[in-house]
Amino acid sequence: MAVDRERVAALVREILEAIGEDPDRPGLKATPQRVADAYAEFFAGVGEDASAPLQHTISISHGPAPETSASGAVMLRDIHFRSVCEHHLLLFRGKAHIAYLPGDQVVGLGALPKVVDVLAARPQVQERLGEQIADAISDALDTRGVLVVLEATHGCVTMRGERQREASTVTIAARGELAEPAARAELIALIGAGRD
């Protein structure tokens, strides 16, 4: 479902009036349409299938290197994302780190950021976002385990209330063999490796 830009613009105009502003003054005249355009981008993932980028897989045993067997994890670190917190409609942004233990099938690495983008482009909470990413990968691929670590700063923490500018939130979602803390310890160490 596409964002109804006309309706969003009308509602933003009402919000401006409700806070005591004049939506017709020069600095605000284009604001309702700008917000509507931004919302169309921020919420482009609503109703989209997050597993669609994972549909094209590569067989390890029948692929270009059939002598290769899947034994270790595939990890992609530092996938930048931004989303909108469903509690205050404020942005939160950060990095996603994804690892999976492949069965016979792997996916092109470019597909993983696409999954993150689709799921982040809807009203979210970080905890659910990580779980949804893990589920999408686990359900669509032949995996033995999935690990998703999200690190993010939230506008509702950094810009309002106590205004903790440096505070960040880390969440972990794991499936299969990587649901055991000991099994995922090496991968979590690799996420932080070389960061100094």
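In this predicted model, helix α1 passes helix α2 in a right-handed crossing. Helix α1 spans residues 5-18, and helix α2 spans residues 31-42. Two packed helices are described by the angle between their axes and the distance between the axes. For α1 and α2, the angle is about 130°. Their axes lie 8 Å apart. Angles over 145 degrees would count as roughly antiparallel, and 65 to 115 as roughly perpendicular. The angle of this pair therefore makes α1 oblique to α2.

From α1 come Arg-5, Val-8, Ala-9, Val-12, Arg-13 and Leu-16. From α2 come Thr-31, Pro-32, Gln-33, Val-35, Ala-36, Asp-37, Tyr-39 and Ala-40. Of the residues in this contact, nine are nonpolar, two are polar and three are charged.

The largest nonpolar core holds 31 residues. Within this core, Phe-81, Ile-133 and Ile-137 touch the most other members. Several elements each supply at least two of the core residues. The strands among them are β2 (74-85), β3 (91-102), β4 (105-107) and β6 (143-154). The helices are α3 (111-120) and α4 (126-140). Helix α3 gives the most, with seven residues.

With residues up to four places away in sequence left out, Ile-133 touches Ile-98, Val-116, Leu-119, Val-148 and Leu-150.

How values were computed: Residues are numbered from 1 along each chain as its sequence is written. This is a predicted model: local features need pLDDT of at least 70, side-chain atom pairs count only at pLDDT 80 or more; totals for chains, interfaces and linings use all residues. Side-chain values use heavy atoms; hydrogens and water are left out. A nonpolar core is a set of buried Ala, Val, Leu, Ile, Met, Phe, Trp, Tyr and Cys residues joined through side-chain atoms within 4.5 Å. Buried means under 20% relative accessible area, exposed over 50%, partly exposed in between (1.4 Å probe, protein chains only). Helices (H or I, at least four residues) and strands (E, at least two) are DSSP runs, numbered from the N terminus. Contact means heavy atoms within 4.5 Å. Axes are lines fitted to C-alpha atoms, for helices over the stretch in contact, and angles run from 0 to 180 degrees between N-to-C directions. Angles under 35 degrees count as roughly parallel, over 145 as roughly antiparallel, 65 to 115 as roughly perpendicular and the rest as oblique. A crossing is left-handed if the near helix is turned anticlockwise from the far one by less than a right angle, and right-handed if clockwise. Ala, Val, Leu, Ile, Met, Phe, Trp, Tyr, Cys and Pro count as nonpolar, Asp, Glu, Lys and Arg as charged, and the others, Gly among them, as polar.
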